[in-house]
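Student: I have a model open and would like to go through it. Can you take my questions as they come?

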Amino acid sequence: MLVSLTPETELTNMINQWLSDNSWYLGAGVGLILIFLVFIYLWSRYTLLGIKTAIFWNNGKQKELLIKYIKRQGCLSLVKLLEDRDISEIVIKKLGEMGDKRAIDSLLYFLCYDQTYKTAEEALTKLGASKVQMVNSYIKALSSWDSGLNEKWNAKINSIKNLGEINDDSIIKHLLYFLGNDQTYKTTEEALTKLRASKENMVSGYILALSGYSGVLNNAVKIGDGYSGVLNNAVKKLGEIGDDSAIKILVKCLCYDDTYKSAKEALENLGASKAQIVSGYITELSSSNNLNAIRELGEIGDDSAIEPLLKLLCYENSYQSAEEALKKLGASNAQIVSAYIAALSIYYKKYAAKRLIELRYEHYDILEKLLERYPTGCEDKFLKIFEEAILYKQEGYDFRVIYSPEISHVEHYIHLNYTYDEVIIDSQEIPLRIERSGRL
């Protein structure tokens, strides 16, 4: 029985037969296409590698041949190559020569980098980038960071110079921060002068330089080498401008050796009163950098500083300077003794106990015995033990200190998948106490 085939079936059979007869040729053709694509890819990679090698070794002849490769590329292809820092400068130059405005947006980004900003400016000028585009990019460059390449701040300095040439008051606020940078403050002052920045603008900029950048305001950091120039410049300019709002920050600058002299001159120029200076120093007593403030308060001789200085006798790093200043201010021995006793009440201060002994405090003999007999690790109970010892003395008894550390062991527990330890106290004795030990 014959089965008739439809036209579609006949066509399918013919195609299958042809593919079967010519499978080798098809395989070879696909293989050749793949080899060609791989060749194109490797050739492209090899060429770019050659460009990098030529640039690295400064091989002029090879570099010239490889630059020709770049010149054969279209605008959009070159824009993609900008991502490679090793060849970006050459690519930027070529894009400027091509005159294709589509490259402007990509090139504006390279105004942020020390390595490329000059070449990018030249290229953008050739391409006719607008004033608005350039200004916006210069402002972005001020807030960018070049991943370690901006050590000399050349791109930012260039941006500041160019922004200073533009007659636009809105730019001033972007420049004020750079009055506090040792690399940029001189260029920034020139730019702000050209922009006719107001007295208020300059004062706020210099105060920002002393507070935000150096940490003088919040005492976050110590002024380091290389910052003295920019800080003293800010202090000097605040004294010359003559705005009373700068007095507070200038008094803070008196507390730093780097800025002490210039701050003192600036405050004299501003006519700061004794009360303003004393108030500023007292505010600084709570900071970690308070030794200069303590010393100056002792020299000024204002009684209002006595109470704040007495509180500093509770701190080991400042008690000596504070006591010297207090004696210059005429603080009584009773006031100083009371302050040292207060130090004992906060937490056992060995230096405070020693000073009380040296000052021949009424119960210094008890302190001498306690220093000999008192164990370490129980500082929080010192004042209580001291007060009990005074009572024994008043009753005519000597005392002995008994120290029985708690005896404990650790138990290990497992709950579900969680393991934890618990300290079990075996001894319930009072760890520290004193008892009478005989008549005095």
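Tutor: What follows is a walk through a predicted model, from the overall fold to single residues.

Student: Fine. How many helices and strands are there in the protein chain?

Tutor: The chain has 23 helices and 4 strands.

Student: And what share of the 440 residues is buried?

Tutor: Buried residues account for 41% of them. The chain exposes about 26,200 Å², and carbon and sulfur atoms supply 53% of that area.

Student: What about contacts between residues at least 6 apart in sequence: what share joins residues at least 24 apart?

Tutor: That share is 60%.

Student: Let's go to the surface. Which residues form the nonpolar patch?

Tutor: The patch consists of Val30, Ile33, Leu34, Phe36 and Leu37, with about 510 Å² of accessible area together. One of them, Leu37, sits in helix H2, residues 23–57.

Student: Now helix packing. How do the axes of H13 and H15 cross?

Tutor: Helix H13 covers residues 228–241 and helix H15 covers residues 260–270; their axes come within 8 Å and cross at roughly 10°. Angles under 35 degrees count as roughly parallel, so H13 and H15 are roughly parallel to each other.

Student: Which residues make the contact?

Tutor: From H13 they are Asn232, Val235, Leu238 and Gly239. H15 contributes Ser262, Ala263, Ala266, Asn269 and Leu270.

Student: Switching to Ala322. Is that one buried or exposed?

Tutor: Ala322 counts as buried because its relative accessibility is 0%, and buried means under 20%. Ala322 belongs to helix H19, residues 319–328.

Student: What is Ala322 in contact with, leaving aside neighbours within four places in sequence?

Tutor: Ile294, Leu309, Leu312 and Leu313. As for Lys311, it is 11 residues from Ala322 in sequence, and the two are 8.9 Å apart in space, C-alpha to C-alpha.

Student: Backbone next. What is the phi of Arg196?

Tutor: Arg196 has a positive phi of about 55°, although it is not a glycine. Most residues other than glycine have a negative phi.

Student: Where is Arg196 found, and is it buried or exposed?

Tutor: Arg196 is in the loop between helix H11 (185–194) and helix H12 (199–213). With a relative accessibility of 69%, Arg196 counts as exposed.

Student: And the phi of Arg360?

Tutor: Arg360 also has a positive phi, near 55°. Arg360 lies in the loop between helix H21 (350–358) and helix H22 (364–373). Its relative accessible area is 52%, so Arg360 is exposed, the cut-off being over 50%.

Methods
Residues numbered from 1 in each chain as written. Predicted model: local features only at pLDDT ≥ 70, side-chain atom pairs only at ≥ 80, totals over all residues. Heavy atoms only, no water. Patch = residues over 30% accessible without salt bridge, like charges linked within 9 Å, V, L, I, M, F, W, Y side chains within 5 Å. Areas by Shrake-Rupley, 256 points an atom, 1.4 Å probe, with all protein chains shown as cover. Salt bridge = Lys/Arg side-chain N within 4 Å of Asp/Glu carboxyl O. Helix = DSSP H or I, 4+ residues; strand = E, 2+ residues; numbered from the N terminus. Buried < 20%, exposed > 50% of the residue type's maximum accessible area, 1.4 Å probe, protein only. Contact = heavy atoms within 4.5 Å. Axes fitted to C-alpha atoms, helices over the stretch in contact; angles between N-to-C directions. Parallel < 35°, antiparallel > 145°, perpendicular 65-115°, else oblique.
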